[in-house]
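Here is a short briefing to read with the model open beside you. Take it topic by topic, and look up each spot as you go.

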Amino acid sequence: MKIALLGYGRMGKTIEEIAEQRGHEVVLKVSDDIDNHELDGSKIDVAIDFSIPKAAFKNITTCFKHNIPVVSGTTGWLDNYEKARKICKEEDSAFIYASNFSLGVNVFFELNKKLAGMMQGLEDYKVDIEEIHHTQKLDAPSGTAITLAQQIIEENSKLKGWQLDDADEDEIPIYAKREENVPGTHTVTYDSPIDSIEIKHTAKSRQGFALGAVVAAEYLKGKQGIFTMKDVLSELFNN
Ligand SMILES: NC(=O)C1=CN([C@@H]2O[C@H](COP(=O)(O)OP(=O)(O)OC[C@H]3O[C@@H](n4cnc5c(N)ncnc54)[C@H](OP(=O)(O)O)[C@@H]3O)[C@@H](O)[C@H]2O)C=CC1
Ligand SMILES: O=C(O)C1=N[C@H](C(=O)O)C[C@H](O)C1
């Protein structure tokens, strides 16, 4: 597969490593305005975007307009997600966005949904989310933490939203901490006066995120439409 990397930072470099190990070729690396680069859909099978929040939407939609499917892991741009989906459909392209591509976190997402469903009637427990990342992270809270919060809200009609730090009774507080060299740690805690229940995912490196993104690109090649990591993993599990 011929891959274009949109964003050649911590994740872009890790993805390059894993993609080449899996026999793919990185044919383009973009670290500035995508308009500075020639995009030839006949020479690029998939673009993988791990750039910055303010560039992701333009990167993704420009690729759609050049008939290049996109796997995007960039977080902090989701206010434009629906617009990106619309353009993908208009251009008959293909798209996967995931706040977290790692297999372990996608298992954690399923665990989170299940636990949220079990806890919804237990009103003595108050839920919160903590995420810890490296000090270079531009956005807060993490996209993964937002996904976790959205999953809990879908399972609990008494919860209406989430807030960074202090939250109202009907909101989930998300605490975002920044520490040197932390790839990504997420903890969901249900706390009551009697006891506390928590589930936690700790990434040890960026390998899991990068492998998941490359596997998603392999899944997306040659397809049309909008998919999720759930589609990718169901194909993986069914094989
Ligand atoms: N979904 C997932 O599984 C994961 C998602 N992420 C997300 O991926 C994103 C990138 O993370 P990370 O690699 O650590 O960040 P980095 O800052 O290391 O890399 C981002 C890169 O994007 C470059 N860049 C700046 N402007 C543009 C542009 N217009 N087009 C393309 N690239 C550009 C930056 O260049 P310069 O430094 O010169 O500005 C930088 O090299 C973040 O949003 C993060 O949250 C991270 C890990 C996993
Ligand atoms: O910026 C990071 O590093 C990460 N960002 C993603 C997020 O915002 O959830 C995924 C992972 O936690 C690492």
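Helices (H or I, at least four residues) and strands (E, at least two) are DSSP runs, numbered from the N terminus. With that in hand, D165 is found in the loop between strands β7 (161-164) and β8 (171-178).

This is a predicted model, in which local features need pLDDT of at least 70 and side-chain atom pairs count only at pLDDT 80 or more, while totals for chains, interfaces and linings use all residues. Residues are numbered from 1 along each chain as its sequence is written, chains are lettered from A and ligands numbered from 1 in the order in which they are written, and side-chain values use heavy atoms, with hydrogens and water left out.

**Around ligand 1**

- The shell of ligand 1 holds 23 residues, and R10, M11, T75, S99 and F101 are the closest; a residue is near a molecule if one of its heavy atoms lies within 4 Å of it.
- By class, this shell has nine nonpolar, ten polar and four charged residues. Here Ala, Val, Leu, Ile, Met, Phe, Trp, Tyr, Cys and Pro count as nonpolar, Asp, Glu, Lys and Arg as charged, and the others, Gly among them, as polar.
- Two helices, α1 (10-21) and α2 (53-65), each supply at least two residues of the shell around ligand 1.
- For S31, the distance from a backbone N or O atom to a nitrogen atom of ligand 1 is 3.5 Å. A polar contact is a pair of N or O atoms within 3.5 Å; within protein, one must be able to donate a hydrogen and the other to accept it, and residues adjacent in sequence count only if both atoms are side-chain atoms.
- Of the 920 Å² that ligand 1 exposes when taken alone, the protein buries 76%. Accessible areas come from the Shrake-Rupley method with a 1.4 Å probe, and for residues only the protein chains shown count as cover.

**Around ligand 2**

- The residues around ligand 2 include T75, S99, N100, K137 and F209. This shell divides into two nonpolar, nine polar and one charged.
- Which side chains reach oxygen atoms of ligand 2? An N or O atom in the side chain of H133 is 2.6 Å from one, and a polar side-chain atom of H134 lies 2.9 Å from an oxygen atom of the ligand.
- The backbone takes part as well, with an N or O atom of G143 at 2.9 Å from an oxygen atom of ligand 2. Taken alone, ligand 2 exposes 330 Å², and the protein buries 86% of that.

- N100 and H186 both belong to the residues around ligand 2.
- Is N100 buried or exposed? N100 counts as buried because its relative accessibility is 7%, where buried means under 20% relative accessible area, exposed over 50%, and partly exposed in between (1.4 Å probe, protein chains only).
- N100 lies in the loop between β5 (94-97) and α4 (103-119). A polar atom of the N100 side chain is 3.1 Å from the backbone nitrogen of S102, and the side chain of N100 makes a polar contact of 3.0 Å with the side chain of T144.
- H186 is part of strand β9 (residues 185-191) and, at 2% relative accessibility, is buried. The side chains of H186 and S142 are joined by a polar contact of 2.8 Å.

**Backbone points to check**

- Most residues other than glycine have a negative phi, and most peptide bonds are trans.
- A cis peptide bond joins A140 and P141, with omega about -5°. P141 is in the loop between β6 (126-133) and α5 (143-155).
- N67 is not a glycine, yet has a positive phi of about 60°. N67 lies in the loop between α2 and β4 (70-72) and is exposed, with a relative accessible area of 54%.
- D165 is another residue other than glycine with a positive phi, near 70°. At a relative accessible area of 37%, D165 is partly exposed.

**A helix residue**

- Q21 lies in helix α1 and counts as exposed, at 61% relative accessibility.
- Q21 and E91 are 70 residues apart along the chain, and their C-alpha atoms are separated by 31 Å.
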